[in-house]
Amino acid sequence: MKRGEFDLAVMLGRVRTVADPTGGRRRVRLEEIDRVRETPGYPESLGKHIKTVGTAAGAALMEITPARFTRLARAGVLTPVKWYINRYRAVVWLYLAEELTQFAASEANAALLTGRVPQAVRDRLEGGDDLRARNWRGRYAGFLLRQSEDPWERAAAAASLLDPVQLAEVVRDPYERAYLNRLGPEPLTQAAPASPTAHLIERLTTADDADEISWVRVNLILTLEEARRLRPAPRPGRPPILASPRPHPVPDLPPWPATPSDAGMPAQRMSADEETRGRARGNTGPDEPRGLWKWLRRRRN
């Protein structure tokens with residue numbers, strides 16, 4: 001596997017990793033390697049699950065035109081799984097071939113693939129929306145939270161999606177901000193700081209929608225409260241603080257904010273991510289408030 005393919009397999013949960021006790025890069029247990037190798041159809045089966053395609057190949061899979069594919073992606077119907085910047089400094093979005101095939105095979109999505117584009121999609125496009133970056137950030141945020149085994153690490157994952165001004169408003173303590181920056185995810189690029197490529201990547205990885213920013217801020221507040229109860233952030237003159245050796249359960253976090261007009265317009269299924277978020281939130285009844293509303297109700301009461 002190429003490095004990018006392996007990273008994607010980890011992001012999708014096809015290859016499970018564990019934290020390094022010494023604080024280094026995450027590791028893969030030998031038992032996990034054996035499990036992956038013993039999967040029926042390996043290695044073709046693993047390659048099928050992580051195969052990505054661009055706009056042209058994705059449109060061919062779904063038997064629609066590239067222009068229609070792009071419109072659906074910009075409207076938030078299709079969710080990219082990764083991206084890269086080409087030599088012309090343009091963002092190239094990639095999608096899971098398996099998800100596109102399943103989407104096209106569902107009768108519920110037939111109206112999106114043939115005939116006139118639904119009004120909800122046209123309204124978004126006419127308003128100038130391009131939800132590809134936001135939808136990718138939602139997927140990336142879920143991956144970061146699943147990889148975090150400590151409350152401070154989960155807080156750092158949320159903090160990495162905010163710009164410095166927003167982060168300073170939520171986390172006023174400079175020592176806590178420094179600790180969050182130290183525990184944050186590795187950079188997605190090796191581009192020189194302040195370069196045009198670095199600025200472009202910063203825009204892609206920073207929340208820029210009002211609902212999205214609110215979700216990240218609430219997520220950060222909740223996880224920070226838990227982290228502070230566990231241990232304070234390190235400060236000068238204090239002995240080093242070691243992370244808790246045992247993983248902590250993911251708290252009941254708000255769901256990633258839905259885009260306007262989602263009602264009545266099918267969205268691409270992301271079964272692995274949805275199952276993970278469902279396990280993190282726990283089972284709730286149809287009348288029970290969840291996520292942000294549940295948190296707000298608890299605060300009001």
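1. Let me begin with R89, which is partly exposed, its relative accessible area being 49%. The cut-off for calling a residue exposed is over 50%, so R89 at 49% stays in the partly exposed class. R89 sits in the loop that joins strand 2 to strand 3. Its phi is positive, about 60 degrees, although R89 is not a glycine. Please keep in mind here and below that this is a predicted model.

2. You will find E63 in the loop between helix 4 (55-62) and helix 5. Is E63 buried or exposed? With a relative accessible area of 73%, E63 is exposed.

3. One more backbone detail deserves a look. The peptide bond leading from Y42 to P43 is cis, and its omega is near 5 degrees. P43 belongs to the loop between helix 2 (30-37) and helix 3 (44-50).

4. Now for the overall picture. The protein has 16 helices and 3 strands. Of its 301 residues, 40% are buried. The exposed surface comes to about 17400 Å², with carbon and sulfur atoms supplying 53% of that area. Among contacts with a separation of 6 or more, 72% are between residues 24 or more positions apart.

5. The strands come together in an open sheet of 3 strands, in the order 1-3-2 and with antiparallel pairing. Strand 1 (52-53) and strand 2 (82-85) are the edge strands; each has a single partner strand, so one side of each has no neighbour in the sheet. Strand 1 and strand 3 run antiparallel and are joined by 2 bridges. If you want to locate this pairing on screen, look for T52, whose bridge partner in strand 3 is L96.

6. Which strands does helix 9 (residues 132-147) touch as it packs on the sheet? Helix 9 touches strand 2 and strand 3, and its direction makes about 55 degrees with that of strand 3. Helix 13 also packs on the sheet, touching strand 2 and strand 3. For helix 13, the angle is given against strand 2, and it is about 160 degrees.

7. On to the aromatic residues: the whole structure contains 5 aromatic pairs. One of them is formed by F69 and Y95, an edge-to-face pair with 5.0 Å from centre to centre and 90 degrees between the planes. This pair links distant parts of the chain, with F69 in helix 5 (residues 66-74) and Y95 in strand 3 (residues 91-96), 26 residues apart. Both partners are tucked away from the surface by the accessibility values: F69 is buried at 0%, and Y95 is likewise buried at 0%.

8. There is also an aromatic cluster to inspect. Ring pairs connect W83, W136, Y140 and F143.

9. T205 lies in the loop between helix 13 (196-204) and helix 14 (210-230). Although placed in a loop, T205 is buried, with a relative accessible area of 16%. Buried means under 20%, so the value of 16% puts T205 in that class.

10. The C-alpha atoms of A191 and I201 are 9.2 Å apart, and the two residues are separated by 10 residues along the chain. A191 is in the loop between helix 12 (174-183) and helix 13. It counts as partly exposed, at 25% relative accessibility. Not counting residues up to four places away in sequence, A191 touches T197 and A198.

Key:
Residues are numbered from 1 along each chain as its sequence is written. This is a predicted model: local features need pLDDT of at least 70, side-chain atom pairs count only at pLDDT 80 or more; totals for chains, interfaces and linings use all residues. Side-chain values use heavy atoms; hydrogens and water are left out. Helices (H or I, at least four residues) and strands (E, at least two) are DSSP runs, numbered from the N terminus. Buried means under 20% relative accessible area, exposed over 50%, partly exposed in between (1.4 Å probe, protein chains only). Contact means heavy atoms within 4.5 Å. Rings of Phe, Tyr and Trp (its six-membered ring) pair if their centres lie within 6.5 Å; planes under 30 degrees apart count as stacked, over 60 as edge-to-face and the rest as tilted. Accessible areas come from the Shrake-Rupley method with a 1.4 Å probe; for residues, only the protein chains shown count as cover. Two strands pair if DSSP finds at least two bridges between them. Axes are lines fitted to C-alpha atoms, for helices over the stretch in contact, and angles run from 0 to 180 degrees between N-to-C directions.
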